[in-house]
Amino acid sequence: MIYLDYSATTPVSYDVLESYNKACKEFIGNPNSLHSLGVKSKKLIQEATKQISDLFNVLDSEIIYTSGATESNNMALIGVALANIKKGNHIIVSKLEHPSIYKICEYLETLGFEISYVNNDNEGLIDFDDLKRKIRPETILVSICAVNSEIGIRQPLKMIRQIIRKESTSCLLHSDMTQGLGKIPINFHDVDLASCSMHKIYGPKGIGILYKNSYVNICPLIYGSSKESTLRPGTPPVPLIASAAKSIRLAVQDLDRRETFIKRLNEKITKELKTYDGILINQTKYSIPHILNISLKNIKAETFIHAMEEYEIYLGTNTACASGEFSTSVMAIFNDKKRASSTIRISLSYLTTTDEINRFLSHFKTVYNKLNALVAN
Amino acid sequence: MQKMILIKYGELTTKKDNINLFLRTLQQNISKKLEQYNPQITYDKGRMFIKASEEKFTKIIEDLQEVFGIHEIIICYELNTIDLEQIENELLNILNNKSFQTFKVETKRSNKKINQTSIEISSKIGSFILKNKENCKVDVHTPEICIHLELRNTKSYIYFESIKGLGGYPVGTLGKGILMLSGGIDSPVAGFMTMKRGVKIEAVYFESPPHTSTEAKNKVISLAKILNKYNLDLKLHVIHFTEIQEAIYKEIPHEYLITIMRRMMYRITERIAKKANAKILINGESIGQVASQTLTSMRAINEVVQLPVIRPLACFDKLEIIELSKKIKTYDTSILPFEDCCTIFVPDHPIINPDPKLCEQYENLIPYEEMISTAINKHEIIKINNKEKNDYEDIL
């Protein structure tokens with residue numbers, strides 16, 4: 001099997017799974033219980049949170065556990081919107097967001113919020129002038145992802161934050177950092193709120209975090225009783241939280257070395273795919289090497305993916321969460337509907353081997369020639 | 001030329017006869033503290049020198065700021081020469097990485113065989129810098145950087161700014177004391193202050209399960225871990241106090257609850273002290289703070305022990321104590337809300353002028369000697385070790 005869909009999800013690492021198992025077996029108490037088993041579980045959560053907050057240099061209380069990035073995005077956008085309803089009803093998002101952001105925006109529109117979409121240049125970078133123009137006194141939030149999930153465009157969040165600050169003192173910045181964590185150095189201090197998901201960094205599915213700076217007020221979306229978190233009440237999932245701490249610790253180490261390695265793999269693939277007439281490489285100078293997006297001129301992406309699957313090679317179309325539709329990100333950058341309608345995402349990991357890439361390229365050639373011949377006929 | 005860390009001693013240089021004990025202890029404390037960095041430590045009567053890999057200097061300095069007996073911590077350059085011309089050239093290399101507009105040179109010459117005086121050397125070096133570095137001038141009053149030069153027997157040292165150390169005496173040079181450590185704000189501060197004067201401490205904590213919780217005990221362990229930064233290998237004695245406390249509550253008039261309880265705690269602490277060969281008891285009492293800390297109460301409580309009781313905070317206001325506890329970073333842990341021995345079974349009106357004779361009478365209502373012996377025989381000793389693998393390390 002050659003798995004090249006790491007941006008959709010990653011396999012759980014052995015070490016993280018060990019932690020998960022250990023936490024399930026040895027930390028059986030409810031962290032809300034008073035007795036020593038409860039205290040033991042609570043202590044594990046506290047230690048895990050401390051480890052995470054230390055790694056990001058933020059406060060323990062600024063880390064909120066969620067079920068994943070979609071929930072974190074909901075909590076951030078809807079939470080900020082509801083808490084700031086008196087200040088304004090305007091929210092700005094980019095055209096390169098994960099589909100969950102757009103769905104949340106649609107919902108917020110039904111509540112009377114107004115959504116603006118900030119433009120980007122043809123390299124995918126946020127158009128700073130357009131952002132400035134769109135910020136109004138009633139703008140309460142800007143949401144821009146750290147790394148785009150389809151083409152891997154990386155945004156300069158620090159600069160974006162400075163621009164927002166100049167235009168408005170109260171407007172907050174949220175960033176979906178799901179595709180950034182574990183791939184590039186991320187800094188929570190560049191933003192007010194940030195979403196991350198553990199299954200993208202070799203952790204289990206079902207756990208994510210929301211970073212929320214302590215001065216930001218948000219409205220809870222879920223109500224219940226809990227001593228640990230008023231924003232996300234309920235019994236905390238101890239094993240998932242322990243796994244989250246471990247996944248993050250393992251993910252943020254060795255970033256440079258891993259990136260250099262992945263960049264080499266990316267260059268190898270890009271170099272070869274460029275020789276195909278019917279393939280366009282959807283990459284700009286701001287793309288990170290972990291994500292390689294291509295458009296097939298003549299072949300349907302879905303057909304291609306299934307054909308590759310016969311060789312046990314697994315690729316993504318656009319973001320897994322929007323599969324089947326055309327790629328909004330490719331559209332936003334290349335403004336070419338045809339190009340956006342048949343995209344394939346090859347996403348790489350430090351676990352990928354050179355041998356896998358060689359085999360992938362050889363099968364790619366076979367499949368491509370076969371399908372292209374069919375279309376030509 | 002080698003970059004290294006230089007340590008200046010504080011008050012201990014005034015100790016003439018036992019200076020060797022002081023320096024040896026300081027060196028031991030520092031090597032223990034810096035163990036993980038594999039430092040090479042040498043010393044003489046004026047200075048201590050620490051050589052280690054340069055990228056670890058920031059961490060090392062952070063750690064040295066938790067060692068008593070250090071007056072100043074300085075990053076310095078060691079030159080294997082006392083020849084002024086060679087020194088000037090090396091100095092110029094060092095200064096190339098620094099930008100400044102005003103400077104002054106201060107020279108110390110412990111090698112009196114050099115025939116120029118310190119002032120002459122300073123002015124010679126100063127004019128050399130003026131000639132060789134652009135855009136700078138001398139300012140002897142408020143210079144941007146002060147270039148210190150020390151000339152010793154065969155070596156010379158160049159350094160710039162110094163970082164203040166904790167001062168005090170090296171922990172262990174003045175024997176041992178037993179700290180009565182509750183989970184509150186005062187006692188950790190009292191422990192810190194006693195350590196500052198060179199006293200190695202062990203701590204005693206009284207627990208009363210089920211009235212006090214595991215969380216309360218964990219809180220005390222956390223506090224002990226903070227104190228352990230200054231006093232490596234701290235021992236925490238945990239005394240199971242439930243039976244004694246319940247007996248007091250059942251048999252003794254409630255206004256005397258606190259007084260008698262404190263007398264029991266003093267007795268137990270003294271027994272622990274004698275076993276541990278400690279010379280003093282230490283606690284966080286402050287005159288008048290609560291009913292058991294009035295002068296009359298202190299006297300009635302104190303009379304059950306023979307060892308001196310040191311109360312470093314006796315004359316401090318609560319706000320001053322809080323400020324100190326924030327400084328030594330015990331405050332946030334101290335204010336965690338768990339019941340401790342002193343907050344359960346609190347009478348509505350504790351007596352503020354207890355009569356020692358009545359205390360004795362009441363105490364005799366319970367077989368306290370026996371109970372104390374039992375408590376001491378089965379007490380738990382926790383060896384605090386910050387380097388010890390945290391229980392959660394594997395899993396996280």
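The legends below accompany close-up views of a predicted model.

View 1. Chain A contains 12 helices and 12 strands. Its radius of gyration is 21 Å, close to the 21 Å that the globule rule gives for 377 residues, so chain A is as compact as a globular protein of that length. Taken along the principal axes, the box filled by the C-alpha atoms of chain A is roughly 70 × 50 × 35 Å.

**View 2. Burial and contact range within chain A.** Of the 377 residues in chain A, 47% are buried. When the contacts of chain A between residues at least 6 apart in sequence are considered, 72% of them join residues at least 24 apart.

**View 3. Packing of helix α2 against helix α7 in chain A.** Helix α2(A), which spans residues 36-56, and helix α7(A), which spans residues 238-251, have axes that come within 9 Å and cross at roughly 25°. Because this angle is under 35 degrees, α2(A) counts as roughly parallel to α7(A). The crossing of these two helices, α2(A) and α7(A), is left-handed. On the α2(A) side the contact is made by A:S41, A:L44, A:I45, A:A48, A:Q51, A:I52 and A:L55, while α7(A) brings A:V238, A:I241, A:A242, A:A244, A:A245, A:I248 and A:R249. Sorted by class, the residues in the contact of α2(A) with α7(A) are 11 nonpolar, two polar and one charged.

**View 4. Packing of helix α8 against helix α13 in chain B.** Helix α8(B), formed by residues 257-275, packs against helix α13(B), formed by residues 368-377, at an angle of about 50°, and their axes are 11 Å apart. With that angle, α8(B) is oblique to α13(B), and the crossing of α8(B) and α13(B) is right-handed. The residues that make the contact are B:M264, B:R267, B:I268, B:R271 and B:I272 from α8(B), together with B:Y368, B:I372, B:A375 and B:I376 from α13(B). By class, seven residues in the contact of α8(B) with α13(B) are nonpolar and two are charged, with no polar residue present.

**View 5. Where chain B touches chain A.** At this meeting of the two chains, five residues of chain B are in contact with 13 residues of chain A. On the side of chain B that touches chain A, the residues divide by class into three nonpolar, one polar and one charged.

Conventions
Residues are numbered from 1 along each chain as its sequence is written. Chains are lettered from A and ligands numbered from 1 in the order in which they are written. This is a predicted model: local features need pLDDT of at least 70, side-chain atom pairs count only at pLDDT 80 or more; totals for chains, interfaces and linings use all residues. Helices (H or I, at least four residues) and strands (E, at least two) are DSSP runs, numbered from the N terminus. The radius of gyration is taken over C-alpha atoms; the globule rule is 2.2 Å times the number of residues to the power 0.38. A residue is buried if 20 or more other C-beta atoms lie within 10 Å of its own, exposed if 12 or fewer, and partly exposed in between; C-beta atoms are placed from the backbone. Two residues are in contact if their C-beta atoms, placed from the backbone, lie within 7 Å. Axes are lines fitted to C-alpha atoms, for helices over the stretch in contact, and angles run from 0 to 180 degrees between N-to-C directions. Angles under 35 degrees count as roughly parallel, over 145 as roughly antiparallel, 65 to 115 as roughly perpendicular and the rest as oblique. A crossing is left-handed if the near helix is turned anticlockwise from the far one by less than a right angle, and right-handed if clockwise. Ala, Val, Leu, Ile, Met, Phe, Trp, Tyr, Cys and Pro count as nonpolar, Asp, Glu, Lys and Arg as charged, and the others, Gly among them, as polar.
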